[in-house]
Amino acid sequence: MKITSANFVISNSEVSKCPTNKLPEYAFIGRSNVGKSSLINMLTNRKNLAKTSGRPGKTQLINHFIINNNWYLVDLPGYGYARVSKSAKKVFQKFITEYFEQRAQLVSAFVLIDIRHEPQKVDMEFMQWMGEHQIPFSIVFTKADKLKPKAIERNVADYKAKMLEDTWEEMPNYFITSSSSGIGKDELLSYIGEINME
Ligand code: GTP
Ligand code: MG
């Protein structure tokens, strides 16, 4: 999959106001600061298409970007940010769950996980919720530039073990990426290309 154009379309807090055409879309979700917006910039070869920040909580809305004029990448706010109240954290943000429940044109979500961290409860709960709602997703491990290959291998193995222990029959499809070094870019784009054709 080659990206020849990438343009911002619209930001929304209401799912009903998202684009109503039926173009396929792919959404990036995960804890605040995990690197969702950076990954969109990396995939599209653009520095500031999606707004990024060292501080968690930068993306607050549902952001649609149109790619090659025929499909969308969707940048979402993070979940699990400490400033969000406990109850809001538990149900995630209402419009995030609504987005996943309502967007029929969503082909697949990508749940981003920081490769450096041990499996976190909030991510496990979120993926559990996605599973229960039969929303297709892959895992994208981010910030792989921060670890040596051996440590990456070990952390992915730990993650697999945790997921199998945690009700999953198999590890979901996953990618190892770095927005700073470009690791995983070709794999992720080929995958999107493949499922876009189905
Ligand atoms: P929210 O919008 O707040 O939910 O965050 P986000 O998930 O969109 O994260 P964002 O892309 O804004 O990145 C957060 C921070 O992590 C920024 O300081 C990025 O530069 C940094 N970052 C993102 N991806 C990578 C990566 O692959 N490697 C490294 N080293 N830093 C990264
Ligand atoms: Mg963001």
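Analyst: The conventions come before the features. This is a predicted model, in which local features need pLDDT of at least 70 and side-chain atom pairs count only at pLDDT 80 or more, while totals for chains, interfaces and linings use all residues. Residues are numbered from 1 along each chain as its sequence is written, and chains are lettered from A and ligands numbered from 1 in the order in which they are written.

User: Which strands pair with β5, and in what sense?

Analyst: Two strands pair if DSSP finds at least two bridges between them; strands (E, at least two residues) and helices (H or I, at least four) are DSSP runs numbered from the N terminus. Here β2 (residues 25-30) and β5 (residues 106-114) are parallel, with six bridges. Strand β6 (residues 137-142) also runs parallel to β5, again over six bridges. Val 111 of β5 lies opposite Ile 29 and has Ile 139 as its bridge partner in β6.

User: How does the chain cross from β5 to β6?

Analyst: The path leads through helix α4 (residues 121-132), and this β-α-β crossover is right-handed: with the strands pointing away from the viewer, the path from the first strand over the helix to the second runs clockwise.

User: Which residues come nearest to ligand 1?

Analyst: A residue is near if its C-beta atom, placed from the backbone, lies within 6 Å. Of 23 residues around ligand 1, the nearest are Gly 35, Ser 38, Thr 52, Thr 59 and Gly 78. Helix α1 (residues 36-44) contributes most to this shell, with three residues.
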